[in-house]
Amino acid sequence: MAYDVMIIGAGPVGSYLATLLARDFNVLVVEQKSSFGEKACTGIIGAESYEKLGLPKKAVLNAFRGAKFYSKIQSFKIERKSPQAYMVDRRVLERELARKAILKGAEYSLSTKFLEFKNGRALLQKHSDVFEVEAKVYIGADGVHSRVAQAIGAKSKGEFLPGFEMEIIGNFDNPDFVEVWVDKELNEDFFFWVAPIDENLARVGTIGRLDSLYKFLKIRMLTDKSAIEFKAGSVGIGVRKPWVRRNVALVGDAALQLKPLTAGGIAYGMFCAHALAYALKEGDLKRYEKICSDIKREISFGLRARKLFKALNQEQMEKIFELLSTKEAREVIEQTADFDEHAKTIKALLKHPRLLAKALKITPMLIRYLL
Ligand SMILES: Cc1cc2nc3c(=O)[nH]c(=O)nc-3n(C[C@H](O)[C@H](O)[C@H](O)COP(=O)(O)OP(=O)(O)OC[C@H]3O[C@@H](n4cnc5c(N)ncnc54)[C@H](O)[C@@H]3O)c2cc1C
């Protein structure tokens with residue numbers, strides 16, 4: 001029997017897609033791991049997206065109502081009264097999504113690795129058994145190093161960087177604020193984050209070099225000797241094309257559907273899963289990319305903003321901090337900040353004539369990248 005849809009990868013995006021499809025299609029999800037979770041991921045998802053996507057409350061570990069931004073020599077705080085983002089337990093999130101998908105009729109096959117396509121079928125391996133399974137449509141939700149993307153000859157252009165994260169015991173006085181630290185002399189590729197779970201435990205991480213994270217821990221007066229978890233992973237920041245080839249589509253990290261400025265991919269992947277489910281239900285897979293055009297635009301703006309971030313040195317960064325901590329800039333940010341739509345806030349700041357004039361003085365590169 002051929003399945004209607006085979007989803008390769010039971011990460012958050014693959015299982016979320018399974019929940020959207022399982023009532024209407026005969027769905028098989030194959031996952032190479034034997035259990036859920038374990039991936040290096042801080043698990044922060046915008047609160048608005050979380051509600052819109054209908055994700056399980058059970059997975060939420062903490063809620064953030066703002067962020068504190070630190071440079072080498074200054075800091076400022078953006079806050080709101082209500083939660084702006086949630087931090088989730090990835091294992092609980094993935095298990096809950098899989099449970100929901102199974103209850104709706106999806107079948108799961110754990111410890112099952114997709115190897116390649118052979119004569120229109122998927123060649124799978126479970127322990128020492130290698131066998132073929134047929135589906136009408138195949139979805140690669142198999143993460144950044146997607147074998148499905150390779151199998152369909154998708155081309156990638158971008159940066160593939162390692163990411164590291166520790167869960168560390170320490171004192172975190174304001175557990176409803178995420179800390180974002182920018183020190184380009186320590187890490188020119190990315191910022192450092194401190195995301196508290198409660199007053200005594202936080203997820204601390206960065207993208208780029210591991211040695212920079214150790215140096216940051218010292219500055220933040222934390223130590224890896226108090227870490228109760230260490231995880232390493234990778235992110236792909238860029239563009240992978242195409243998302244659809246014949247009866248195969250890519251979604252989530254497999255399609256590099258990730259916010260270039262923060263490397264958060266759960267929400268974008270899930271929004272694209274909605275577009276993919278819609279296209280499948282309409283019987284027109286080609287519409288998928290078109291329905292995702294808003295996210296494509298966000299990613300493309302984010303990639304330009306990231307180029308600017310990378311081009312700035314710490315001295316310019318300090319001046320940007322000075323500008324962003326002014327009352328008028330903070331007001332714009334507080335009014336427009338959206339955890340998952342960075343373009344909205346950046347564009348609102350640039351529309352403000354005085355802020356734009358000051359920003360252009362700091363770096364005329366703004367014109368090249370963002371205007
Ligand atoms: C350090 C770090 C911190 C991060 N923090 C955040 C954050 O706070 N918020 C956020 O939104 N994002 C964050 N991300 C990014 C986030 O982890 C990804 O965007 C997200 O996991 C994408 O989900 P996915 O389901 O597309 O892919 P994945 O989570 O990678 O899932 C893919 C699944 O496919 C399976 N698989 C792979 N190959 C095969 C195969 N051949 N056969 C069968 N199964 C296969 C894998 O085992 C895995 O279960 C972070 C990333 C890193 C590295």
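**A cavity and a pocket**

By class, five nonpolar, two polar and two charged residues line the largest cavity. Here nonpolar is Ala, Val, Leu, Ile, Met, Phe, Trp, Tyr, Cys and Pro, charged is Asp, Glu, Lys and Arg, and the others, Gly among them, are polar. This is a predicted model, where local features need pLDDT of at least 70, side-chain atom pairs count only at pLDDT 80 or more, and totals for chains, interfaces and linings use all residues. Residues are numbered from 1 along each chain as its sequence is written, and side-chain values use heavy atoms, with hydrogens and water left out.

On a 1 Å grid over the protein atoms alone, a cavity is a set of points where a 1.4 Å probe fits but cannot get out; a pocket is an open set with protein on both sides within 12 Å along at least five of seven lines; lining residues have an atom within 4 Å of a point. Volume is the space filled by probe spheres set on the points, which are joined across faces, edges and corners.

The largest cavity has about 40 Å³. Its lining includes Glu298, Phe301 and His342. H8 gives the largest share, three residues; helices are DSSP runs (H or I, at least four residues), numbered from the N terminus.

Now the second largest pocket, at about 500 Å³. Of its 21 lining residues, the closest to the centre are Asp294, Ile295, Glu298, Asp340 and Glu341. H8 again gives the most, six residues. Charged residues number 11 in that lining.

Note on methods
Helix = DSSP H or I, 4+ residues; strand = E, 2+ residues; numbered from the N terminus.
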